[in-house]
Structure formats: C-alpha cells, structure tokens
Amino acid sequence: MRIADVLKNKGAAVATISPETTVTELLAGLAEMNIGAMVVIGPDGLIGIVSERDVVRKLHERGSSLLAQPVSEIMTTVVATCTPRDTVDHLSVLMTENRVRHIPVLDNGRLAGIVSIGDIVKTRMEELEAEQQQLQAYITQGR
C-alpha cells in the first residue's frame, strides 16, 4: 500500500503553525485538534515539526518560561519526510530509524499531508483483517 492510499482514507489536512507561534499557543492547538504534532511553515515552506515530546523535553530543561517562547526554539529542523508514492513499509522503517511518530508528506516540494504512527497501525490492522477474511473465504469454499 502507498502513502497516497493512506491519505485518501484519512484526508490530506495538515495542522500547521508559524515559527513565531508561542509554545502555549501550540499546546492549545494540539489539545483543541487532539493531535500530537504540528508542521512548522515558514516563508519558503516546511521548516520544521514540533510535537508534544519536544515540548515535554524542553519544558523539563528550561522550565515554565518556555511556554512564552516561539516554537522555533524547540522544533525539530531536520525533518524526515516521505512522498505519496512511498510505501507504508518504507514509512514504517523511516519512523523506526528516526524514532519519530509523525512524518510530513511532500509532493514535489509541496506539503500534501502528514502520516502518524496511528495511521500506520490502522492501515496494518485493516490489511490483516482483509487478509484474514480472504483466507476464511478460501477455506470455507474448499469444503
């Protein structure tokens, strides 16, 4: 299965923020949308990603004054990305190797979606269920 298929099922909407957004505003957006990360967009496109994990780790280091800082202070700037043509298997490896849970999808340099570890697990579960149904149908037809 390709990432384009995952995006077709879940939608291509991506929560984005600017680098000047405060950490407090980021947290409000994450909570409101019930998501774990946002893509940071600058004048030239994707410049980073910031997750709950980034906030927790930096909050531990810097204390509550971090909440008034811009997300540019805590965002990950070396972002693992994929394309709609990549496979779910490839993305699983990419997430594991980079120890990340969210990967932006770029199509010719344009942000086309985002895939989370939850999306990958859901896709895998659907594939396994379909395979199980096919096997059961095959077995019952053979009787």
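Predicted model: local features only at pLDDT ≥ 70, side-chain atom pairs only at ≥ 80, totals over all residues.
A residue is called buried when its relative accessible area is under 20%, and exposed when that area is over 50%. After α1 comes Gly11, which has a positive phi near 100°.

The protein contains five helices and five strands. Along the sequence, these elements follow the pattern α-β-α-β-β-α-α-β-β-α. The radius of gyration is 18 Å, well over the 15 Å that the globule rule gives for 143 residues, so the protein is more spread out than a compact globule. Taken along the principal axes, the box filled by the C-alpha atoms is roughly 70 × 30 × 25 Å. Of the 143 residues, 33% are buried. Among contacts with a separation of 6 or more, 56% are between residues 24 or more positions apart. The accessible surface of the protein is about 8,900 Å², and carbon and sulfur atoms account for 52% of this surface.

An unreviewed UniProt entry carries the annotation "domain: CBS", which covers residues 8–66 and 75–131. Over residues 8–66, the chain is 42% helix and 25% strand. The end C-alpha atoms of this stretch are 37 Å apart. For residues 75–131, the values are 46% helix and 23% strand, with the end C-alpha atoms 40 Å apart.

Charged side chains were examined next. A salt bridge requires a side-chain nitrogen of Lys or Arg within 4 Å of a carboxyl oxygen of Asp or Glu, and the count by this rule is eight. One of the salt bridges is formed by Asp5 and Lys8, whose closest N and O atoms are 4.0 Å apart. Both residues belong to helix α1; because they are three residues apart, about one helical turn separates them. Asp5 is partly exposed, with a relative accessible area of 27%, whereas Lys8 is exposed at 67%.

A salt bridge also joins Lys58 and Glu61, with a distance of 3.8 Å between the closest N and O atoms. These residues are three residues apart in helix α3 (residues 52–62), so they too are separated by about one helical turn. Lys58 is partly exposed, at 24% relative accessibility. Glu61 has a relative accessible area of 57% and is therefore exposed.

The salt bridge between the side chains of Arg62 and Glu73 has an N to O distance of 3.9 Å. This pair links distant parts of the chain, with Arg62 in helix α3 and Glu73 in the loop between α3 and α4, 11 residues apart. Arg62 is partly exposed, with 37% relative accessibility. Glu73 is partly exposed, with a relative accessible area of 41%.

Technical notes. Residues numbered from 1 in each chain as written. Heavy atoms only, no water. Helix = DSSP H or I, 4+ residues; strand = E, 2+ residues; numbered from the N terminus. Buried < 20%, exposed > 50% of the residue type's maximum accessible area, 1.4 Å probe, protein only. UniProt positions renumbered as here; feature names shortened; annotations may be inferred. Rg over C-alpha atoms; globule rule 2.2 N^0.38 Å. Contact = heavy atoms within 4.5 Å. Areas by Shrake-Rupley, 256 points an atom, 1.4 Å probe, with all protein chains shown as cover.
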